[in-house]
Amino acid sequence: MEKVSRKSKQGAEKSKHGAESKNQQQGARQKKLSEYGRQLEEKQKVKRMYGMRERQFHRFFEEAARSQEATGDYLLSLLERRLDNVVYRLKFASSRTQARQIIVHGHITVNKKRVSSPSFIVSLNDVIALSEPISRRESFMEAVVAKRMKKAIKPPEWLELDKDGTHGTVLRYPVRSDIKVPIEDHYIIELYSK
């Protein structure tokens, strides 16, 4: 019995040591990330955050590159102004994925016109609202909107949410400081500039 327990202890120590060694190796690999690797990693992070495919993301980058403003700042502003992101920021959905689904199903209006494209770009003074049929649906309002309203999550300063929680207004265009996640856009610009 003692022999078995000694062997199992030794085996556990070896596997523990092996796991530590493996973690150290992974850490060493992460530190040796190339310049291209960092650029790719940053682009993937932003694409995942906004739930975009490569083709869409590249199209947004090209539009930002053509603008008169700084490419990185304008790219982030465009991404923030996508309708799916605005719906999420206004607390009409609990995630950007859910926001896309709500939009595609025709439950969102912009200036009282139904919009079914999640990549629609909102403009200054646009009024984004839940459509009447969905805002009258108590199950949806309780499950999604009321649940999010109870959380201490506030919409960003560039958006204003009405008191009943069924519509919001674009007060100004978003700026870099409105995005709380640290994004190193220079890596993305370098990657696409090759």
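In the predicted model, the charged end of Arg96 is placed over the ring of Tyr50, at 5.0 Å from the centre of that ring.

Two aromatic pairs are present in the structure. In one of them, Phe57 and Tyr192 adopt a tilted arrangement, with 6.2 Å from centre to centre and an angle of 35° between the planes. This pair connects distant parts of the chain, since Phe57 belongs to helix 3 (residues 54-66) and Tyr192 to helix 9 (residues 185-192), with the two residues 135 residues apart. Phe57 and Tyr192 are both buried. Together with Phe61, Phe57 and Tyr192 make up one aromatic cluster.

The pairing of strands was examined next. Strand 1 (residues 108-110) and strand 3 (residues 127-130) run antiparallel and are joined by three bridges. Within this pairing, Ile108 is found opposite Leu130 of strand 3. Strand 3 is also joined to strand 5 (residues 167-170), again through three bridges and in an antiparallel sense. Here Ala129 stands opposite His167 of strand 5.

The largest nonpolar core comprises 22 residues, and the residues with the most contacts inside this core are Leu83, Val86, Val87, Phe92, Ile108, Ile128 and Leu130. At least two residues of the core come from each of helix 5 (83-89), helix 6 (96-104), strand 1, strand 3 and helix 8 (138-150). The greatest contribution is that of helix 5, which provides four residues. For Val87, when neighbours within four places in sequence are set aside, the residues in contact are Phe92, Ala93, Ala99, Ile103, Ile108 and Ile128. Another core, of 17 residues, lies apart from the largest one and includes Met52, Phe60, Phe61 and Tyr74.

Asn125 is located in the loop between strand 2 (113-114) and strand 3. Its relative accessible area is 55%, and because exposure is assigned over 50%, Asn125 is classed as exposed. Contacts of Asn125 beyond its neighbours within four places in sequence are made with Asn111, Thr169 and Val170. Asn111 and Asn125 are 14 residues apart along the chain, and their C-alpha atoms are separated by 9.0 Å.

Methods
Residues are numbered from 1 along each chain as its sequence is written. This is a predicted model: local features need pLDDT of at least 70, side-chain atom pairs count only at pLDDT 80 or more; totals for chains, interfaces and linings use all residues. Side-chain values use heavy atoms; hydrogens and water are left out. Two strands pair if DSSP finds at least two bridges between them. Rings of Phe, Tyr and Trp (its six-membered ring) pair if their centres lie within 6.5 Å; planes under 30 degrees apart count as stacked, over 60 as edge-to-face and the rest as tilted. Buried means under 20% relative accessible area, exposed over 50%, partly exposed in between (1.4 Å probe, protein chains only). A charge sits over a ring if NZ of Lys or CZ of Arg is within 6 Å of the ring centre and within 35 degrees of the ring normal. A nonpolar core is a set of buried Ala, Val, Leu, Ile, Met, Phe, Trp, Tyr and Cys residues joined through side-chain atoms within 4.5 Å. Contact means heavy atoms within 4.5 Å.
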